[in-house]
Amino acid sequence: MKKKLKILASVYDYKNSGLPSVCGKFNGKPAMVHSALKVHRCREMGYLELDIDMRPNNIIMNRVITSMIPGSLLKLTFALALIVQGEQEDELPERCLSAIKFINIDARNVPFWPFEQRN
């Protein structure tokens with residue numbers, strides 16, 4: 001499955017989001033993530049964790065995103081979906097593995113990994 005996973009990010013009301021126009025060509029378009037994906041499985045706890053490190057994939061997008069965070073996220077609504085790539089006829093239509101919607105995220109209060117203890 002690792003080589004078939006792609007991510008789709010979509011910003012709601014993109015034209016009024018204040019994001020640079022260079023981001024527009026990526027909005028709502030799926031991207032393969034297998035080179036940036038690490039899979040961790042914990043059988044004892046019964047969960048599967050997927051870590052996607054998008055930083056090395058596109059230098060321009062990395063600079064745009066990091067220059068805009070944290071302020072712009074406060075005004076954005078966006079969704080992320082993980083999709084399993086369908087390549088054979090019996091794998092179509094493609095399936096969504098997971099999806100999440102973010103509304104006005106305050107990134108200034110998000111702890112860095114490993115999570116910091118706050119008093």
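I began with Glu 91, which forms a salt bridge with Lys 4, the closest N and O atoms being 2.4 Å apart. I noted that this pair links distant parts of the chain: Glu 91 sits in the loop between E5 and E6, Lys 4 in the segment before E1, 87 residues apart. For a salt bridge I require a side-chain nitrogen of Lys or Arg within 4 Å of a carboxyl oxygen of Asp or Glu.

Ground rules next. This is a predicted model, where local features need pLDDT of at least 70 and side-chain atom pairs count only at pLDDT 80 or more, while totals for chains, interfaces and linings use all residues. Residues are numbered from 1 along each chain as its sequence is written, and side-chain values use heavy atoms, with hydrogens and water left out.

**Entry: the charged pairs**

How many salt bridges does a search of the whole structure find? I got 2. One is the Glu 91 and Lys 4 pair above. In the other, the side chains of Lys 6 and Glu 94 meet at 3.1 Å, N to O. This pair also links distant parts of the chain: Lys 6 belongs to strand E1, Glu 94 to the loop between E5 and E6, and 88 residues separate them.

I then checked the cover on each partner. My classes are buried for under 20% relative accessible area, exposed for over 50%, and partly exposed in between (1.4 Å probe, protein chains only). Glu 91 is partly exposed, with a relative accessible area of 27%. Lys 4 is partly exposed too, at 21%. Glu 94 comes out partly exposed at 32%. Lys 6 counts as buried, with 9% relative accessibility.

**Entry: the sheet**

I looked up the strands next. Helices (H or I, at least four residues) and strands (E, at least two) are DSSP runs, numbered from the N terminus. The protein chain has 1 helix and 6 strands. Along the sequence I read the pattern β-β-β-β-α-β-β.

In what order do the strands of the open sheet stand? I found 4 strands in the order E2-E1-E5-E6, with antiparallel pairing. E2 (30-32) and E6 (95-103) stand at the edges with a single partner strand each, so one side of each is left without a neighbour in the sheet. Neighbouring strands of this sheet are turned by 20° against each other on average, direction ignored. Axes here are lines fitted to C-alpha atoms, for helices over the stretch in contact, and angles run from 0 to 180 degrees between N-to-C directions. Two strands pair if DSSP finds at least two bridges between them.

I followed E1 across to its partners. E1 (residues 5-11) and E5 (residues 77-84) run antiparallel and are joined by 7 bridges. Ile 7 stands opposite Leu 82 in E5. Lys 6 stands opposite Ile 83 in E5. E1 and E2 also run antiparallel, with 3 bridges. In E2, Lys 6 has Met 32 as its bridge partner.

**Entry: loop residues**

Ser 17 lies in the loop between E1 and E2. Is Ser 17 buried or exposed? I have it as buried, at 12% relative accessibility. A polar atom of the Ser 17 side chain lies 2.7 Å from the backbone oxygen of Tyr 14. Not counting residues up to four places away in sequence, Ser 17 touches Val 11 and Leu 76. Contact means heavy atoms within 4.5 Å.

Asp 13 is also placed in the loop between E1 and E2. Its phi is near 50°, a positive value in a residue other than glycine. Asp 13 counts as exposed, at 52% relative accessibility.

Then I went to the loop between E5 and E6, where Pro 93 is found. A cis peptide bond joins Leu 92 and Pro 93, with omega about 0°. For background, most residues other than glycine have a negative phi, and most peptide bonds are trans.

**Entry: whole chain**

Of the 119 residues of the protein chain, 22% count as buried. The chain exposes about 9200 Å², and carbon and sulfur atoms supply 56% of it. Those areas come from the Shrake-Rupley method with a 1.4 Å probe; for residues, only the protein chains shown count as cover. Among contacts between residues at least 6 apart in sequence, I noted that 55% join residues at least 24 apart.

Technical notes: A polar contact is a pair of N or O atoms within 3.5 Å; within protein, one must be able to donate a hydrogen and the other to accept it, and residues adjacent in sequence count only if both atoms are side-chain atoms.
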